[in-house]
Amino acid sequence: MGLDFLSKNIAIARITLTLFCLLISFGTHSQPKPAILVMGDSLSAEYGLARGAGWVRLLEDELKKQGSTWIVFNASISGETSAGDLTRLQKLLDQKTWHCSIKAWC
């Protein structure tokens, strides 16, 4: 189940990433460096993957490849829960104006 489950999740993440990149190009270009906040669990935090090999990095790389000015901030923590995210969310929201936020769990 482990590898099959992971490969299905990676395929879903790639499809989602592609759709997101297509949609994000319609975003506002009037402000410098619009930002995306990602909060998630192990999958978003690259647990068990080589550094820079997770879907969040793939999203960031794809945005750069398209010439996008969007930046991605990965605030994911392996083993995180919704309650944990909620306790951290206000502090993260206060730090920057986020144009998009993604909450990802599997």
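**Entry 1: the cores**

I started with the largest nonpolar core, whose 8 residues are Ile 36, Val 38, Trp 55, Val 56, Leu 59, Leu 63, Trp 70 and Val 72. I take a nonpolar core as a set of buried Ala, Val, Leu, Ile, Met, Phe, Trp, Tyr and Cys residues joined through side-chain atoms within 4.5 Å. Buried means under 20% relative accessible area, exposed over 50%, and partly exposed in between, with a 1.4 Å probe and protein chains only. S1 and H2 are the elements that give two or more residues to this core, and H2 gives the most, with 4 residues. Apart from this core lies another of 6 residues, including Ala 35, Leu 37, Met 39 and Trp 98. Helices (H or I, at least four residues) and strands (E, at least two) are DSSP runs, numbered from the N terminus.

A note on the source: this is a predicted model, where local features need pLDDT of at least 70 and side-chain atom pairs count only at pLDDT 80 or more, while totals for chains, interfaces and linings use all residues. Residues are numbered from 1 along each chain as its sequence is written, and side-chain values use heavy atoms, with hydrogens and water left out.

**Entry 2: the loop between S1 and H2**

Next I looked up Ser 44, found in the loop between strand S1 (35-40) and H2. Ser 44 counts as buried because its relative accessibility is 1%. Its side chain joins that of Trp 55 in a polar contact of 3.1 Å. For that term I use a pair of N or O atoms within 3.5 Å; within protein, one must be able to donate a hydrogen and the other to accept it, and residues adjacent in sequence count only if both atoms are side-chain atoms.

Glu 46 is in the loop between S1 and H2 too. At 10% relative accessibility, Glu 46 counts as buried. I also noted its phi, near 65°, a positive value in a residue other than glycine. Most residues other than glycine have a negative phi.

**Entry 3: Ile 71**

Which strand holds Ile 71? I found Ile 71 in strand S2, and it counts as partly exposed at 33% relative accessibility. The C-alpha atoms of Ile 71 and Pro 34 are separated by 6.4 Å, although these residues are 37 apart along the chain. Leaving aside neighbours within four places in sequence, I listed the contacts (heavy atoms within 4.5 Å) of Ile 71 as Lys 33, Pro 34, Ala 35, Ile 36 and Lys 96.
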